[in-house]
Amino acid sequence: MSKPIVVDDNNFDQTVLQSKTPILVDFWATWCRPCLMVAPVLEELADEYEGRITIAKLDVDHNPKTATKYRVMSIPNLIIFKDGQPASQIVGFKPKAQLKKDIDAVID
Amino acid sequence: MVEQYDIVIIGGGPAGLSAGIYASRALRKSLLIEMGFTGGQIVDAEFVENYPGFPDGISGLGLTGLMHRQAEKFGLNTLMAEVTGIELNGESRIVKTSSGDFASKAVIIASGSERDKLGALGEAEFSGRGVSYCATCDGAFFRDQVVAVVGGGDAAITEALHLTSFAQQVIIIHRRQALRATPLLGRRAAADPKLAFRWNSVVEQIEGGDVVKSLRLRNVKTDDVSTLDVSGVFIAIGFKPNTAYLKGMLPLDTDGYIITNEKMETDVPGIYAVGDIRAGSIRQVVSATGDGATAAVYAEEYIIEHERF
């Protein structure tokens, strides 16, 4: 049972940018309703895609440096990083089927 | 083998949760299907001050969290899935979802509505780059900047008032001469020194480079065009009912809301519609919960009648 990991300003470079597997980072905050909607979907995806993609969460409230660097102005904001580069970006709540399509497009 | 339920509820906002409380308390095998997290749009509200029983107010998240707990206490099952359609099979209603099909004697549709798009040039291009549909989500990214809110109803004014705690200035752009919001909200808006108004104005184009830099406005009375420099624009012009998955199986009013009678019955026996998705709804938590209870009670009656034969 794989679960989303938590990343922050300090370990972003090491955990995300140097990750060998693709990694989806959910830029979120506690005050954001659509972020709450996305959370249980990502928990399921973390399990279903175990080993193929890592699911990570970054709280924009406590990690403004990374949020600013990737110009996050709207949350939830899901950025899929592959080889240290953003490969895909999904803004706002999207149903699970759509997220799977976006993930598959990056990892396949 | 398709799993059989007495009542399937589509949508986990206040209307769906209330239907769930009534259905499961009536000992009906009930399932509530929600795409993500339960609570519905009211979760956006920092403070609900007009729901009876909470004289000191309560957060939207707190209120719907209590509703969810209450429904689960009576045995309501919840499933996270996207509903893709409803099919009729004799007396049975088949709810098709991304996680399989569910057969039910009655179905209560409570899938609500979502923010309407403005339809202005540049809107899609700058979505997430200065164009937002959720001030509670994105307000903090516009600290000390100038932002605009498009709309003049309760949602627009609530968003604008929320944004004043972050932004340097908030400009409300409204196509009429006066607000449609409730007088209490209108009074709060008029008294707020950070709020300014552009009356009789519509947004023709959202412009910028990487991110939003300005709006091109047109005055609908004079046809004068002007440019307004802003870093963000929050769109709150209205709502669009979430009925796409119904693929025209139920009659809708001219705005696309599901037509029901006073029992919340739609045109199809055993299918009910409640809350924001229903034509004539006043879009309040208190009316949504009332709708949910009404539908659950009549669905119960409908099931009993059909069990007799």
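**View 1. B:Val147 finds its bridge partner, B:Gly232, in E15(B).** The model shown is a predicted one: local features need pLDDT of at least 70, side-chain atom pairs count only at pLDDT 80 or more, and totals for chains, interfaces and linings use all residues. Residues are numbered from 1 along each chain as its sequence is written, while chains are lettered from A and ligands numbered from 1 in the order in which they are written. Strand E9 (residues 146–150) of chain B and strand E15 (residues 232–235) of chain B run parallel and share 4 bridges. Strands pair here if DSSP finds at least two bridges between them; strands (E, at least two residues) and helices (H or I, at least four) are DSSP runs, numbered from the N terminus.

**View 2. An open sheet in chain B has the strand order E8-E15-E9-E10-E11.** Its 5 strands pair in the parallel sense. At the edges are strand E8 (131–132) and strand E11 (195–198) of chain B, each pairing on one side only. Helix H4 (residues 154–163) of chain B packs on this sheet, where it touches E9, strand E10 (169–173), E11 and E15 of chain B. The direction of H4(B) makes about 170° with that of E9(B); axes are lines fitted to C-alpha atoms, for helices over the stretch in contact, and angles run from 0 to 180 degrees between N-to-C directions.

**View 3. Helix H4(B) is mostly covered.** Look for B:Ala155, B:Ala156, B:Ile157, B:Thr158, B:Glu159, B:Ala160, B:His162 and B:Leu163, the buried residues of H4(B). Their cover includes helix H3 (135–138), E9, E10, helix H5 (183–191), E11 and E15 of chain B.

**View 4. Helix H2 (residues 60–73) of chain B has 14 residues.** From its first C-alpha to its last, H2(B) reaches 20 Å, close to the 20 Å expected at 1.5 Å a residue (the expected span is 1.5 Å times one less than the number of residues). Buried in H2(B) are B:Gly60, B:Leu61, B:Leu63, B:Thr64, B:Met67, B:His68 and B:Ala71. These residues cover an arc of only 165° around the axis, so they sit on the same side of H2(B); the arc is that of the directions from the helix axis to the C-beta atoms. They pack against helix H1 (14–25) of chain B. Just after H2(B), B:Gly75 takes a positive phi of about 100°.

**View 5. Strands E12(B) and E13(B) form a hairpin.** Here 3 residues lie between the two strands. Strand E12 (residues 201–208) of chain B and strand E13 (residues 212–219) of chain B run antiparallel and are joined by 7 bridges. B:Val202 has B:Arg218 as its bridge partner in E13(B). Next, E13(B) pairs with strand E14 (residues 225–229) of chain B, in the antiparallel sense over 5 bridges. B:Leu217 has its bridge partner, B:Ser226, in E14(B). The hairpin of E13(B) and E14(B) has 5 residues between the strands, and in it B:Asp223 takes a positive phi near 65°.

**View 6. Over in chain A, an open sheet of 5 strands has the order E1-E3-E2-E4-E5.** The pairing is mixed. Strand E1 (5–6) and strand E5 (85–91) of chain A stand at the edges with a single partner strand each, so one side of each has no neighbour in the sheet. E1(A) and E3(A) pair in the parallel sense over 2 bridges, and A:Ile5 stands opposite A:Ala56 in E3(A). Strand E2 (residues 23–28) of chain A pairs with strand E3 (residues 54–59) of chain A, also parallel, over 6 bridges. Along E3(A), A:Leu58 is the bridge partner of A:Phe27, and A:Lys57 stands opposite A:Asp26. E3(A) is mostly covered, with 5 of its 6 residues buried. H4(A) lies across E2, strand E4 (77–82) and E5 of chain A, at about 170° to E5(A).

**View 7. This is where chain A and chain B come into contact.** 19 residues of chain A are in contact with 19 residues of chain B (contact: C-beta atoms, placed from the backbone, within 7 Å). Helix H2 (33–48) and helix H4 (96–107) of chain A each supply at least two residues of the side of chain A that touches chain B. H2(A) gives the largest share of that side, 8 residues. The residues of this side of chain A divide into 15 nonpolar, 2 polar and 2 charged (nonpolar: Ala, Val, Leu, Ile, Met, Phe, Trp, Tyr, Cys and Pro; charged: Asp, Glu, Lys and Arg; polar: the others, Gly among them).

Notes: Contact = placed C-beta atoms within 7 Å. Buried ≥ 20, exposed ≤ 12 C-beta atoms within 10 Å, placed from the backbone.
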